[in-house]
Amino acid sequence: MVTMAKKKVVDEECCYYGGVGGDGNGYSGVDADGRGTELRPLSLSSPHTQAFHLAWLSLFACFFAAFAAPPILPALRPALVLSPSDAPAAAVGSLSATLVGRLAMGPACDLLGPRRASGAASLLTALALAVTAATASSPAGFVALRFVAGLSLANFVANQHWMSGIFAPSAVGLANAVAAGWANVGSAAAQVVMPLAYELVLRVGVPITVAWRVTYLLPCALLITTGLAVLAFPYDLPHSGGGGGGAGGKTAKRRRSFWKVVRAGVGNYRAWVLALTYGYCYGVELIMENVAADFFRKRFHLPMEAAGAAAACFGAMNAVARPAGGVASDAVAARFGMQGRLWVLWAVQTAGAALCVLVGRMGAAEAPSLAATMAVMVACAAFVQAASGLTFGIVPFVSKRSLGVVSGMTASGGAVGAIVTNRLFFSGSQYTVEEAISLTGAASLLCTLPLALVHFPRHGGMLCGPTAAVSDASDDDDDDDDDYEDDADDDDYMLLK
């Protein structure tokens with residue numbers, strides 16, 4: 001009876017995503033494994049599109065919550081008696097929470113499924129954020145507030161894992177990039193909306209000591225709404241040939257040892273290199289989104305609402321820049337393969353790093369131009385965020401058997417890069433903010449170089465081509481863990497030739 005029940009769930013999920021070898025529900029554009037071969041955001045009847053929109057909207061709410069505090073910092077300072085050093089400390093707390101959450105989310109996605117892991121994380125974070133906002137009354141409470149909000153960004157791993165599972169290799173770069181790019185706009189929305197919401201709360205007569213707490217109901221409501229919507233969606237991933245379980249309970253996954261899944265990902269050096277480079281593209285974005293509003297307030301003497309709007313320009317570029325990175329990754333791969341993906345990532349991230357150096361230099365000028373500084377900052381954002389999209393065009397090729405772990409490691413690299421950069425350049429009084437921004441760009445230039453070391457035996461690398469033939473009889477990835485064997489029904493992960 002149990003076996004028959006499991007088979008029924010598998011068959012229903014296969015049919016839901018289009019069935020084996022075609023579009024069983026009438027959906028075109030799926031491969032034999034039920035994965036989408038193209039991203040069609042307007043095709044709302046397609047389950048792939050429904051999952052795509054749920055994934056990015058859920059992560060959008062997480063970014064909104066994680067960056068809700070910086071734009072209303074002038075209101076939080078007197079309410080929580082914050083000193084100048086408390087804001088950087090809270091930023092490190094937020095980034096540390098992101099790191100811990102993403103490391104945990106990778107194995108959770110492999111074992112539970114990305115949908116359930118994502119929905120549960122959103123709901124738990126909303127509850128903790130509401131409690132913390134209601135009780136915070138000191139600098140320690142502010143650090144706790146940002147720490148709890150930072151945990152929500154663990155959902156980035158679930159977002160990328162989910163998209164990598166329901167879209168085929170021909171569309172995975174674009175799907176990953178668009179889902180993450182649109183979601184990242186949540187940070188820009190927070191920069192604009194939170195100051196306006198705070199002012200609105202004050203106008204309706206809420207006392208100034210309570211107004212910021214009421215304003216924090218907005219990110220909590222977003223997290224709850226999207227978390228429930230994700231959990232209400234029926235399935236996680238499509239399956240090939242009816243093999244594997246459904247909704248986070250895949251039979252093949254249950255047969256795996258948790259530690260073997262982790263070992264396969266942690267033992268892959270390519271994951272570590274991508275984590276390092278991601279630490280200085282997405283890590284740069286995290287740094288800028290934490291300091292940009294304060295930078296514009298102090299350097300150009302802008303009021304809270306105007307500074308938030310100026311800072312929002314950096315995050316808003318995610319709507320087009322990160323998806324453009326995914327498009328570029330898939331486009332160059334169609335002609336040059338993995339070698340093209342790696343070279344374009346290196347070139348784009350290097351350009352973004354150089355522009356970051358320039359932003360700091362322009363801000364340090366005696367009479368800086370607001371328009372010119374913003375123009376260069378937006379250009380920097382475009383390249384940095386495109387590099388993030390390009391990175392996750394490569395991640396699914398590292399290890400299909402430990403995709404969640406590799407995604408978690410790479411995503412955590414962004415938080416680690418931001419934490420290290422914050423501690424080295426932005427904490428204390430050794431450097432001005434302008435000097436720290438330039439040093440961040442210089443660090444990004446250096447940390448992009450190890451991409452030259454990445455090589456896939458069956459795909460090649462930046463400096464040389466493939467060294468092993470691709471066998472039509474084997475769909476295994478480039479993992480080097482030979483004592484870890486895939487089952488015949490291990491196709492619930494992407495088959496990456």
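Predicted model: local features only at pLDDT ≥ 70, side-chain atom pairs only at ≥ 80, totals over all residues.
1. **The core.** Start with the nonpolar residues. The largest nonpolar core has 124 residues. Those with the most contacts inside it are Leu76, Leu129, Phe142, Trp162, Trp212 and Tyr216. Helix 2 (residues 47–66) gives this core its largest share, 12 residues.

2. **Leu129 up close.** Which residues does Leu129 touch, once its neighbours within four places in sequence are set aside? Its contacts are Ala65, Leu145, Val148, Ala149, Tyr216, Pro219, Cys220 and Leu223. Tyr216 is itself among the core residues with the most contacts.

3. **Helix 19, length.** Helix 19 covers residues 433–448, 16 residues in total. At 1.5 Å a residue, the helix should span 22 Å. Its end C-alpha atoms are 23 Å apart, which agrees.

4. **Helix 19, surroundings.** Buried residues of helix 19 include Glu434, Ala436, Ile437, Thr440, Ala443 and Cys447. What covers the buried residues of this helix? The cover includes helix 13 (269–278), helix 14 (282–300), helix 16 (321–363) and helix 18 (403–426).

5. The structure holds six salt bridges. One joins the side chains of Asp294 and Arg77, at 3.8 Å from N to O. Asp294 lies in helix 14 and Arg77 in helix 3 (residues 73–80), so the pair ties together parts that are 217 residues apart in sequence. Asp294 counts as buried, at 16% relative accessibility. Arg77 counts as partly exposed, at 24%.

6. **A pair inside helix 14.** Asp294 also forms a salt bridge with Arg297. Their closest N and O atoms are 3.1 Å apart. The two residues are three apart in helix 14, so about one helical turn separates them. An α-helix has 3.6 residues a turn, so residues three or four places apart point the same way. Is Arg297 buried or exposed? At 12% relative accessibility, Arg297 counts as buried.

7. **Helix 19 meets helix 14.** Glu434 and Arg299 pair through their side chains in a salt bridge, at 3.5 Å from N to O. Glu434 lies in helix 19 and Arg299 in helix 14, so this pair ties together parts that are 135 residues apart in sequence. Glu434 is buried, with a relative accessible area of 12%. Arg299 is partly exposed, with 23%.

Methods:
Residues numbered from 1 in each chain as written. Heavy atoms only, no water. Core = buried A, V, L, I, M, F, W, Y, C linked by side-chain atoms within 4.5 Å. Buried < 20%, exposed > 50% of the residue type's maximum accessible area, 1.4 Å probe, protein only. Helix = DSSP H or I, 4+ residues; strand = E, 2+ residues; numbered from the N terminus. Contact = heavy atoms within 4.5 Å. Expected span 1.5 Å × (residues − 1). Salt bridge = Lys/Arg side-chain N within 4 Å of Asp/Glu carboxyl O.
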